[in-house]
Amino acid sequence: MTTTVVVTGLGIAAPNGLGTQDYWAATRTGKNGIGRVTRFDPSSYPSTLAGEVPGFVAADVLPSRLLPQTDHMTRMALVAAEWALADAGIDPKELPEYDMGVVTASSSGGFEFGQGELEKLWSQGSQYVSAYQSFAWFYAVNSGQISIRNGLKGPSGVIVSDEAGGLDAVAHGRRLIRKGTPMIVSGGVDASICPWGWVAQMAGDRLSTSDEPTRAYLPFDADAAGYVPGEGGAILIMESAESACARGAKIYGEIAGYGSTFDPRPGSDREPALRKAIELALADAGTAPEDVDVVFADAAGVPELDRVEADAISAVFGVRGVPVTAPKTMTGRLYSGAAPLDVATALLAIEEGLIPPTVHINPDEEYGLDLVLNQSRTAQVRTALVLARGYGGFNSAVVVRAVD
């Protein structure tokens, strides 16, 4: 019999809300978290907007010894993990040391920390470079620091597939639980809002150059011209349903299905593979298209990619056949943190019976999507599909559903 894997804890750091309660209160009402970059002066760059997490002061919530050895993204990940564990009612010190592992996603690693140390190397010399540079920049650092801080010695790892990685990490966590690990910390938190990270993102030629926060990131809009990047994400506590029930834990929902594909080589005349990822996830969950109550879109904000996603959704569900939403229009695209945040949002939508809105856009009717626009839509949400794509051709889909 296949083990049912559920989510019992959430920890969220997002541009429109710090902490699960603040994030959900903002998201259900369409509060925008996109604004002009403040972490550095963006005036010399074509792109000047980002989704930055408000009110996060690492020194207020982490031991001082951790600050010199961690990047901004890792500090947020550590705090989000702490919140998620508390939400799940789990004290790692009370667990056998190999009963819990960590699988997170990353798209870049600690770029801000790395930039600071490279500046020291160039301007002062190698003797001024911190020894912590050896790991603080590394894409696996969030998994490592969460594991060390909480004494978690179960199977651990990191998944690197851009935005798709957030779903891939959750799926790998589910796989490890089904193989016998009782509990997994999963999800992703990312942050690359620094000059070095900014230039790297600009190289992809997909960043919006608009300076108007409400018109810069417009997926499925005729005026779409790129996306706004952001920082943050969500950490999830996953365990078997049997374990959760045995300890009387609150269950947000089940990670019911997963599918992943890779797009064919550009110019090959073969179809994009997102539709196949959706079909694989639905099949894995044993769910028919008509049973899905909402789709959380990847929402690239790039016209040709929006077309691919809209075509895939319509092919599976029919034209305007399912409500579609993109709450990331309030936050920007958070790279590996985006999809775990969408999973958390889907679970909160299931809990409340409310589909959060897509904001700021005037949808192009040619996409044929039933977009939830500007204000939340009351609905019985039992099953949600979350989509994510990564630069270079990664496609992932996860089905989450209510547990009776």
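Colleague: Just after helix α1, what kind of phi does G30 take?

Modeller: A positive one, of about 75°. This is a predicted model, in which local features need pLDDT of at least 70 and side-chain atom pairs count only at pLDDT 80 or more, while totals for chains, interfaces and linings use all residues. Residues are numbered from 1 along each chain as its sequence is written, and side-chain values use heavy atoms, leaving out hydrogens and water.

Colleague: What makes something a helix or a strand here?

Modeller: Both are DSSP runs, numbered from the N terminus: a helix is H or I over at least four residues, and a strand is E over at least two. Helix α1 spans residues 20-28, so it passes the cut-off of at least four.

Colleague: Why do you say that the buried residues of α1 line one face?

Modeller: Buried means under 20% relative accessible area, exposed means over 50%, and partly exposed is in between (1.4 Å probe, protein chains only). In α1 the buried residues are T20, Y23, W24, A26 and T27. Looking down the helix axis, they fall within an arc of 165°, so they line one face. The arc is taken from the directions that run from the helix axis to the C-beta atoms. Their cover includes β1 (5-14), β2 (17-18), α12 (338-352) and β12 (354-355).

Colleague: How do you know that strand β7 is mostly covered?

Modeller: Eight of the eight residues in β7, residues 183-190, are buried. M183, V185, G187 and V189 point one way, while I184, S186, G188 and D190 point the other way.

Colleague: Why is a group of residues called a nonpolar core?

Modeller: The name is for a set of buried Ala, Val, Leu, Ile, Met, Phe, Trp, Tyr and Cys residues joined through side-chain atoms within 4.5 Å. The largest one has 45 residues, and V7, L10, I12, I255, V343 and V400 touch the most other members. Its largest share, 10 residues, comes from α12. Apart from its neighbours within four places in sequence, V343 is in contact (heavy atoms within 4.5 Å) with L167, L236, I255, V386 and V400. A second, separate core has 37 residues, including Y217, L282, I313 and L369.

Colleague: What makes R39 and E112 a salt bridge?

Modeller: The term needs a side-chain nitrogen of Lys or Arg within 4 Å of a carboxyl oxygen of Asp or Glu. For R39 and E112 the closest N and O atoms are 2.8 Å apart, so the pair meets that cut-off. R39 lies in the loop between β3 (34-36) and β4 (49-51) and E112 in helix α4 (residues 111-123), so the pair ties together parts 73 residues apart in sequence. By this rule the count is 21 salt bridges.

Colleague: Is E254, the salt-bridge partner of R401, buried or partly exposed?

Modeller: E254 has 10% relative accessibility and therefore counts as buried. R401 has 21%, so R401 counts as partly exposed. The closest N and O atoms of this pair are 3.2 Å apart. R401 is in strand β16 (residues 394-401) and E254 in strand β9 (residues 253-262), 147 residues apart.
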